[in-house]
Amino acid sequence: AASEPKQEAPPQPQFVSSPPELKPQIREVGALTMTNNSTVVFETIAKLAGLSVIFDPDFHAQRISVQLPTVSVEQALQAVALASKSFWQPLTPTVIFVAPDNPQNRREYEDEIVKTFYLGNTLQPQDLTEIVTGLRSMLNIQKIVQMNSENAIVMRATPDEVAAASKIIDSIDRARPEVLIHVQVLTANRDRLR
């Protein structure tokens, strides 16, 4: 009997587990002093690093001055973003997207990730509620849920917000301190001199 050729399963869709990481050809930009339109400054830094830039249609170039020492590519892009009141994020390892910095654009363009934090030392649902309430008020994270049965907190937020929440949760999720008292009862006989 002739064996039939195996049929391969159709490829499964690939989901991105986290935002793309920027991978410039060089890691640092030498000392840079420029006064020009913000688009030109972004494009200059990108070209030095082997990157491409895409601008949001609402991005309006303005004249800015930057004077940078030798810094990483990410730090240089962040400095230009602050000077031009914009923000940037990687679309691929070699392409960045620049948009005006406002709440609407942040909501629309910023990448979000889902993270579950399993707490090992918090035992009461009330403790979880306090942590979730604290994270909501301190970091303004609205997409957060407590799972009492799993002793866990699930959140959907930007990578920076998740990193900040992780530090806060790690500092809170500590074993409760215990005091151990060792008592020894002794009796003394006063009849003897020693």
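Tutor: Two strands are said to pair if DSSP finds at least two bridges between them; strands (E, at least two residues) and helices (H or I, at least four) are DSSP runs, numbered from the N terminus. This is a predicted model, in which local features need pLDDT of at least 70 and side-chain atom pairs count only at pLDDT 80 or more, while totals for chains, interfaces and linings use all residues. Residues are numbered from 1 along each chain as its sequence is written, and side-chain values use heavy atoms, without hydrogens and water.

Student: How many bridges join E9 and E10?

Tutor: Four bridges, in the antiparallel sense, join E9 to E10 (residues 152-157). Ile144 has Met155 in E10 as its bridge partner.

Student: In what order do the strands of that open sheet run?

Tutor: The order is E8-E10-E9, with antiparallel pairing. E8 (113-118) and E9 (144-147) are the edge strands, each with a single partner, so one side of each has no neighbour in the sheet.

Student: Turning to H2, which of its residues are buried?

Tutor: In H2 (residues 73-83), Val73, Ala76, Leu77, Val80 and Ala81 are buried, that is, under 20% relative accessible area with a 1.4 Å probe, protein chains only.

Student: Why are they on the same side of H2?

Tutor: Because they cover an arc of only 135° around the axis, taken from the directions from the helix axis to the C-beta atoms.

Student: And what follows H2?

Tutor: Lys85 follows H2, and its phi is positive, near 55°.

Note on methods
Buried means under 20% relative accessible area, exposed over 50%, partly exposed in between (1.4 Å probe, protein chains only).
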